[in-house]
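Welcome! Let us walk through this structure together, one topic at a time.

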Amino acid sequence: MDESVSAHGAEPPSHEIFESLQTLLANDALRLSERNRRFLSFVVMQTIEGRSDRIKAYSIGVDVFGRDDSFDPTVDPIVRIEATRLRSALTAYYEGAGAGDRIRIAMPRGGYVPSFAWSPEFAATVGASEAAKADQADTAPTATVVIHDHSGHSDPDAELRGELFTDALLLLLRKARFKTLVVPPAERAAASGAIQALFAHPGETYSLDIAVRPMAERRRYSWRFSDLRNGEVLASNFREYVARAMPCFEQIDDLAQDATKSITAVLAMR
Amino acid sequence: MLFLYASRKGERVAMEQAQRRGLARLMLRWPNRRTELREKFARDPRLVELCEAYEAACEAAAYWAKSPATVSKQRLEEYNALASATEQDILERIS
């Protein structure tokens, strides 16, 4: 990737922009259609790969909106309209669910080339010069954890327990300041694609594979935390509980707590 | 230079007119939300832009409705859907 995006001192480095884009695209709180998620991805990737000069209404119309080479933006203003909707969605996201995101991606009016900035809170905390160094080890970014639930969908009981385990982990990992993503069903193509892209360029991203598996009257809850860059398993554990016809939230919360503590500890040592 | 200035001024005027036309169209569409629309239009730049986008989608739909091109039906459906989606964005913005 072209690191020149970071040329203006306080701007975020490209790899952090890429990671922020993937997190953003996978977030349901961003009210964007699949097509506009592709639009956002296209302009950000062109920019961080040093091809922002290619970002024109025509190229977006052809590459993102499937127009042919007779595309005329003056009678077919799809790009201009969708860009406005995209700007509005980004504004709403950063006003709400994304208020705590460290990097802000915007598309200033008058063009389609995106801009990137540290959030005001992050810039104020770290300071502009420190923010520029945030890609160095002493100001390492918060790690991203991708949770993948492998509980069998053929067993509704195990599936439900897997969902409860995921919910408990999400809550605790977010409290521990990790960015969290959950591998979505295949039909959510944009989010799936964003997570697949993270797998290809993981950066500071880790996978947390979990499963609840039935064995006779027992249920085995397992989790495995791995470094996506090399597949190294950094921590793992499992517990078995007898399945009872009563709520088991405390057991699940306890195991999620155990996993979160282990993950936090193992990353602190790296 | 003078030509460029006049051209940019002309673009700005056209843009502001499209924004106001979009607002007027929405006030006709939702008479009971006129006050909210007018008040938020005055202080929310994103709403102003969405009004302009809404107007653009409606105008494009009108253009393709009359066009003899082979893709006109497809484009008409697309812009009608886009106008509806932009209405939803606007409702979200003013609520």
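## Ground rules

Contact means heavy atoms within 4.5 Å. Axes are lines fitted to C-alpha atoms, for helices over the stretch in contact, and angles run from 0 to 180 degrees between N-to-C directions. Helices (H or I, at least four residues) and strands (E, at least two) are DSSP runs, numbered from the N terminus.

This is a predicted model, where local features need pLDDT of at least 70 and side-chain atom pairs count only at pLDDT 80 or more, while totals for chains, interfaces and linings use all residues. Residues are numbered from 1 along each chain as its sequence is written, chains are lettered from A and ligands numbered from 1 in the order in which they are written, and side-chain values use heavy atoms, with hydrogens and water left out.

## A sheet and a helix in chain A

Let us begin with the helix: α7 (residues 156-175) of chain A lies across β3, β4, β5 (205-215) and β6 (218-227) of chain A, and runs at about 150 degrees to β5(A). Those strands belong to an open sheet of five, ordered β4-β3-β5-β6-β7 (chain A), with mixed pairing. Two strands pair if DSSP finds at least two bridges between them. At the edges are β4 (179-182) and β7 (233-242) of chain A, each pairing on one side only. From one strand to the next, the twist averages 20 degrees.

Strands of a sheet pair through backbone hydrogen bonds, either parallel or antiparallel. Strand β3 (residues 144-149) of chain A pairs with β4(A) in the parallel sense over four bridges, and Val145(A) has Thr180(A) in β4(A) as its bridge partner. By contrast, β6(A) and β7(A) run antiparallel, joined by nine bridges. Here Trp223(A) stands opposite Asn237(A) in β7(A). The two strands β6(A) and β7(A) form a hairpin with five residues between them, and Gly231(A) in the turn has a positive phi of about 80 degrees.

## Where chains A and B meet

How many residues of chain A are in contact with chain B? There are 18, and they touch 22 residues of chain B. About 1,800 Å² is buried between the two chains, with carbon and sulfur atoms giving 50%; this is the accessible area (1.4 Å probe) that two parts lose on being put together, summed over both. Ile81(A), Arg85(A) and Arg109(A) supply 33% of the area that chain A buries against chain B, more than any other three residues.

## Charged pairs

Side chains of opposite charge can pair when their charged atoms come close. Chains A and B share nine salt bridges, each a side-chain nitrogen of Lys or Arg within 4 Å of a carboxyl oxygen of Asp or Glu. One of them links Arg80(A) and Glu52(B) (3.7 Å, N to O). Helix α4 (residues 78-95) of chain A gives the largest share of the side touching chain B, eleven residues.
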